[in-house]
Amino acid sequence: FPFPYTPYRIQEQFMEALYGALEAGRVGIFESPTGTGKSLSLICGALSWLRDWEEKRRQEEAQLLALGAGGQDGLTPQQARPDTAGQPDWVTAFVQKKEERDMVNRLKEEQIRRKKREDRLEKIQRNVQLKYAAKRKRCEEDEAKRLLQLSKEALSQGAGEGALDLPDHNEDELILAEYESDDEKKVVAGLEEDDDLEEEHVTKIYYCSRTHSQLSQFVHEVQKSPFGKNIRLVSLGSRQNLCVNEEVRRLGTLQLINDRCMEMQKNKHEKKSNEENEGKKRRVSHTICPFYSFEQMQFLRDEVLVEVKDIEQLVSLGRETKACPYYGSRFAIPAAQLVVLPYQMLLHEPTRNAAGIKLKDQVVIIDEAHNLTDTITCIHSAEVSGSQLCCAHSQLSQYMERYRKHLKAKNLMYIKQILYLLEQFVAMLGGNVNQNPGCQAVSQTGTVLKSINDFLFQSQIDNINLFKIQRYCEKSLISRKLLGFVERYGGPASAVKTSKENQKLAGLQDFLLTLQQGSDKEGDPPVEAEHDQLRTSSPLMQIEGFLSALTNANQDGRIILNRQGTVGQSSLKFLLLNPAVHFAKVVEECRAVIIAGGTMQPVADFREQLLYRAGVDPARIVEFSCGHVIPPENILPIILCSGPSNQQLEFTYETRDLPQMMDETGRILYNLCNVIPGGVVCFFPSYEYEKRVYGHWEKTGLLSRLAAKKKIFQEPKKANQVEQVLVEYAKCIKRCSQTGGQMTGALLLSVVGGKMSEGINFSDDLGRCVIMVGMPYPNIRSPELQEKMTWLDKTMPRAAGQAPSRVLIENLCMKAVNQSIGRAIRHQKDFASILLLDHRYTRPAIFNKLPQWIRERTQVKPAFGSAFAELRKVRTHRILCPAT
């Protein structure tokens, strides 16, 4: 395998296993701990396979082309001998000859298309003049528009009563747009357009990860790899990340950005019909996006294909060339060999189709996949509040009244059905759509779960075809039209009404403002703020997602009625119980699927809840887990069963709040902070428990004793404060290591499943010891979790004598533990201790769910004394041998 440096042995094993899985068309679960070079192993292993696969295809094509014309020898029996049983010999011969000719012609066409694409990209790469032709042309067009605008301004200022009657701002934008071609696809001179190129999807690898920063990091690894100069890579993202139109970006929220972008595209396509009404005053703006130019996006596509670029570089290129990176990158998908995208985009079928992603016979690699099952569940779950339901009903009612005379009978019929659905949904929450939801108290509060069928029957909507409603919403774009209607008539800008017709709509603005005021508990914000907040969401679009969820099979989901305080605060939520139904199409269509992560244990969830239920043959599944590159002495995992005063450590819901348990935890931390230098990260099961323990230590004086050894930091609940806490934590550790003295570093109190348990790098002195207080079991009183447990017990067999619900609880707990303790060891020369404070970790069912590289080095210590001695020994060894 080509590699930028001599690979570790475990990297070679990883690449060999990956290559074999791709070649055999398997579904693989790959685990490689952080710090072992997983990204580079994925890149070099997968792209080596792709290179060999393409070469093999070329050789087969050449052989078929060479031998195809000479007879059947060059073709496989299935290709050369179609089913002509029982036919006369001359018929059989004719059919065989035709099949051979068709195959040869098809291969020739593929070769021509591939050669044309390769020549085109090579020409762009070498020809600087051609490369910047589009940019120069765009600059010339911008200059012409600027001069035209200046001349108009000069005319309007210089003329008196006889001044030219110039159009207003909105019409001005339209007139400028008329200089652009509508339907013709313009291309830069020298860049031939090839429609076939647009349609052809070469064999490619789709690489998915969780966040845009992880994807950017992966792209940088590709750039540094031996494949960086030759691979055709395209990065995909949301409009929020890729839009370069500042007017649209200022809208802020993803939904509004999407709506405005779609509206601008629609305006571009409708320009011809607008020309017919040229003399009439337009009621709304028909702005088109200056970056949505086919010519410029084709140029951007070619730029992306000839040189690897991450999201930031793609956005910079879009601004520079005046081309939309969001759509330009999509034009590059068919010819790309490696497509990098967030996994929400790949796992959600409508989004996948909209982006032009075709999975048939392709390879998918899902990295950072430890939460894959939960991610699929979240993507396909939907929640709507009582406020959204009432707001959508009010908007749609007034929209229907305003345009009743212009709407055809079928439109009216569907709008009335949607209104009826909204009424019934609010009724299920115990409210009335005609009253302010913020003022309607709910008589029976609490959470109720229902099957989809029961919900449909009880809400009396079982006689409505939800599939037709869903299709109508999708085709008619009613939610976008409604958003435009609200923007026109629902905001402060429209407060001055002139015509009687518009005066009738004043109620919409008033109602929207009362909705906002009713839900605001701390006083009324300024009108402008209210309006901005209202515009940040399109309630009907959110409701469309909920309607779509109701079309799922009855056994796959549940409806949660959450009645809280007022109707506005209450909500309806669809909970997906079987995420495998949405993953099935991915594994069916793809040639191979690789699910990878730093910590994939326990893998039973992936196998049983996801892959088996998605119809994957167990023989097709392959698992690979490698050890760590660090030497065994660089990690000291300890399961501690009792504390310094011999108090048994068992942090159950019943015992963890006892004063003696909180005191014992404090004693353990105090002793560890005496011998462990640098940073210590302590994970608690929840924010509430961390707060309780912290308060108890304050009362007993232990906190001040701890603070004398290490400065104490607490994980903030707000995401925007996390970075600041981490910066201060790192500064404190660095300062203590340089100055010496009584204070030896810092202690960070964190929460499992919080902001610091995933994606944060506590390498080197930032995390010399990670402590896990108790076992972070999920809240089994949660109605959603109880329903999931009941469903699993009904639909899955018992495993090793354990009920599936019990296995689920343990797996959720240990997944969280493994993610948290994996924060410490981040590279080959790193070292750290890991303490698991609870004797229950010694149970085989729990112990075996630790990652293998941690499990095989774990020591079980019944008493604190022997554990403390081991930690002192490690510290002494590090002082004497700092280079190891």
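Q: In this predicted model, which ring has Arg768 lying over its face?
A: A charge counts as sitting over a ring if CZ of Arg is within 6 Å of the ring centre and within 35 degrees of the ring normal. Arg768 lies at 3.7 Å from the ring centre. The ring in question is that of Phe831.

Q: How far is the charged end of Arg656 from the centre of the ring it sits over?
A: Here the ring belongs to Tyr689. The charged end of Arg656 sits over that ring, and its distance from the centre is 4.8 Å.

Q: Which residues form one aromatic cluster with Phe14?
A: Rings pair if their centres lie within 6.5 Å, and by this rule the count comes to 18 aromatic pairs. One aromatic cluster holds Phe14 together with two partners, Phe30 and Phe624.

Q: Which helix gives the most to the positive patch?
A: On the surface, Lys410, Lys468, Arg471 and Lys475 gather in a patch of positive charge. Lys468 is found in helix H23. With 3 residues given to the patch, the top contributor is helix H23, residues 466–476.

Q: Which helices hold Glu23 and Lys56?
A: A search of the whole structure finds 24 salt bridges. Glu23 and Lys56 form one of them, with their closest N and O atoms 2.9 Å apart. This pair links distant parts of the chain, 33 residues apart. Glu23 lies in helix H1 (residues 9–24) and Lys56 in helix H2 (residues 38–68).

Q: Where is Pro602 found?
A: Pro602 is joined to Gln601 by a cis peptide bond, and omega there is about -10°. As for its place in the chain, Pro602 belongs to the loop between strand E10 (592–597) and helix H30 (604–612).

Q: What is the phi value of Glu368?
A: Glu368 lies in a loop, with strand E5 (363–366) on one side and helix H19 (372–379) on the other. Its phi is positive, in a residue other than glycine. The value is near 50°.

Methods
Residues are numbered from 1 along each chain as its sequence is written. This is a predicted model: local features need pLDDT of at least 70, side-chain atom pairs count only at pLDDT 80 or more; totals for chains, interfaces and linings use all residues. Side-chain values use heavy atoms; hydrogens and water are left out. Rings of Phe, Tyr and Trp (its six-membered ring) pair if their centres lie within 6.5 Å; planes under 30 degrees apart count as stacked, over 60 as edge-to-face and the rest as tilted. Patches are made of residues with over 30% relative accessible area and no salt bridge: like charges are joined within 9 Å, nonpolar side chains (Val, Leu, Ile, Met, Phe, Trp, Tyr) within 5 Å. Accessible areas come from the Shrake-Rupley method with a 1.4 Å probe; for residues, only the protein chains shown count as cover. A salt bridge is a side-chain nitrogen of Lys or Arg within 4 Å of a carboxyl oxygen of Asp or Glu. Lys and Arg count as positive and Asp and Glu as negative; His and the chain ends are not counted. The place of a charge is taken as NZ of Lys, CZ of Arg, CG of Asp or CD of Glu. Helices (H or I, at least four residues) and strands (E, at least two) are DSSP runs, numbered from the N terminus.
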